[in-house]
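The notes follow in the order of the look-ups.

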Amino acid sequence: MPDTDLLTRWATDTWRSFEAMTDPDSGLPTDSIATSLDPATRSGYTSPTNIGGLLWCTVAARDLGLLPAADARDRLRRLLATLAGMEVHDESGMFFNWYDDRTGALLHWMPDGGTIHPFLSSVDNGWLAAGLMVAAAAEPDVATEAHRVLDRMHFGAFHDAAAGGSDGGPRGRLRGGFWVADPGQDTVSEAYVEGHAPVLHTPHHYDLLDSEPRIASYVGIAHGQIPPEHYASLDTPVRHYRGRDVVPTYGGSMFEALMPTIFVPEAAWAPATWGVNEARTVALQREYALDEKVYGYWGFSPCGKPGEGYGVFGVPPIAWVEGGYPSEEDGEVVVTPHASAMALMVEPDAAADNLARLERDLGAYGPGGFVDAVDVRTGRGAGRYLSLDQSMVLGSLANVLADDCLRRWFCTPDVEAVLRPVVEARQMPIA
């Protein structure tokens, strides 16, 4: 087990970034903030994923003793009151992609002037629902407010029951999301819930089992809105790398593989499948960086790039898509600490060592915890903290330090009774 004082310091500083990212009036988190934590550098917008992350991180901070229980309750109430008044798609109860982080107003233009076609993402709403489930279970005094938002969300709105099953097996795939107005690109007009009006869906489905969208699958199955057969229908291709089979993610990134495990103890429920695959994913990320590429540090996942901007990074040999996400861009090797933070739940000692060296050797740390990414060749770091990535860091640290607290809050006995048999029954073609 890594040094708990070290992990607690990392958690304390990461929570400080959330305090700086939270609007004191609306209770909403901003999407990002400069590493100085200057409130004037808040991005001006937020997303359902960011809001879900703040919900579970507020509970995590309470459970870690970083936030008094009364303060946590007040923060949750303020956030949930704003959330309840935000504009949603009326029939499904789903949230749009971008809102003003000060007022909760739906955005049609970004602060830089870019036009937004309001979109409702299956994945983003999955993370928001996860945060609502954690808050409702962890804090009974806000459960009514949390369920007021959660219970109107219907994940069947994304579920195409006819998709997949080309080999005669189970069917059912999630669409990426939908628009309610023409976005000026290809769409599919469908209504997947009886009584709902058709909306304009993305043409693509999410097909892979080992992928970030499975959080939406878990939420929908747990609430009886998506049939369990959907989980059985998802694809499990195999990649063979360094002598081992692994079921890949789309781009070979860590958050696709491990972010859902912050809430669902897949490895504990299914040690012969998920347990093996998650351990191999982490080990192969580490070996790719340290043994094959000799970078000296590891952990690849989409993140804020050194300097400014956002990029997708991964380990190509364990990606499903040809070529995968790169580990290098423009001559920089981009390692993100949130990848190693999630790996603490799988390889705690190796992950803690990697994080400690990122802080000590490369200075990839600031007043709000680990910077979002660092070029391991030059030490150049990202200029902002991202709410999404900080929520992975703090959520993972909370599980390690506080006895899987977020998994326990998400997987109530009722939720476990539904999800555990589904996870246990899913087979993977790995030897």
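I began with a charge and a ring: the charged end of arginine 9 sits over the ring of tyrosine 365, 5.5 Å from the ring centre. I note that the model is predicted.

I then turned to the aromatic pairs, of which the structure holds 18. For tryptophan 56 and phenylalanine 263 I read 4.7 Å between the ring centres and 70° between the planes; the pair is therefore edge-to-face, since the angle is over 60 degrees. This pair links distant parts of the chain, 207 residues apart. I located tryptophan 56 in helix α2 (residues 48–63) and phenylalanine 263 in the loop between α8 (254–258) and α9 (266–269).

Are these two residues buried or exposed? Tryptophan 56 is buried, at a relative accessible area of 0%, and phenylalanine 263 also counts as buried, at 0%.

I looked up a further pair, tyrosine 288 with tyrosine 295, and found it edge-to-face, with 6.5 Å centre to centre and 75° between the planes. Tyrosine 288 counts as buried at 5% relative accessibility, and tyrosine 295 is buried at 9%.

I also recorded one aromatic cluster, formed by Trp56, Trp127, Phe263 and Phe410.

Last, I examined a sheet. Three strands form this open sheet in the order β15-β16-β19, with antiparallel pairing. Its edge strands are β15 (328–329) and β19 (374–375), each of which pairs on one side only. Strand β16 (residues 332–335) pairs with β19 in the antiparallel sense over two bridges. I noted that valine 335 stands opposite valine 374 in β19.

Conventions:
Residues are numbered from 1 along each chain as its sequence is written. This is a predicted model: local features need pLDDT of at least 70, side-chain atom pairs count only at pLDDT 80 or more; totals for chains, interfaces and linings use all residues. Side-chain values use heavy atoms; hydrogens and water are left out. Two strands pair if DSSP finds at least two bridges between them. Helices (H or I, at least four residues) and strands (E, at least two) are DSSP runs, numbered from the N terminus. Rings of Phe, Tyr and Trp (its six-membered ring) pair if their centres lie within 6.5 Å; planes under 30 degrees apart count as stacked, over 60 as edge-to-face and the rest as tilted. Buried means under 20% relative accessible area, exposed over 50%, partly exposed in between (1.4 Å probe, protein chains only). A charge sits over a ring if NZ of Lys or CZ of Arg is within 6 Å of the ring centre and within 35 degrees of the ring normal.
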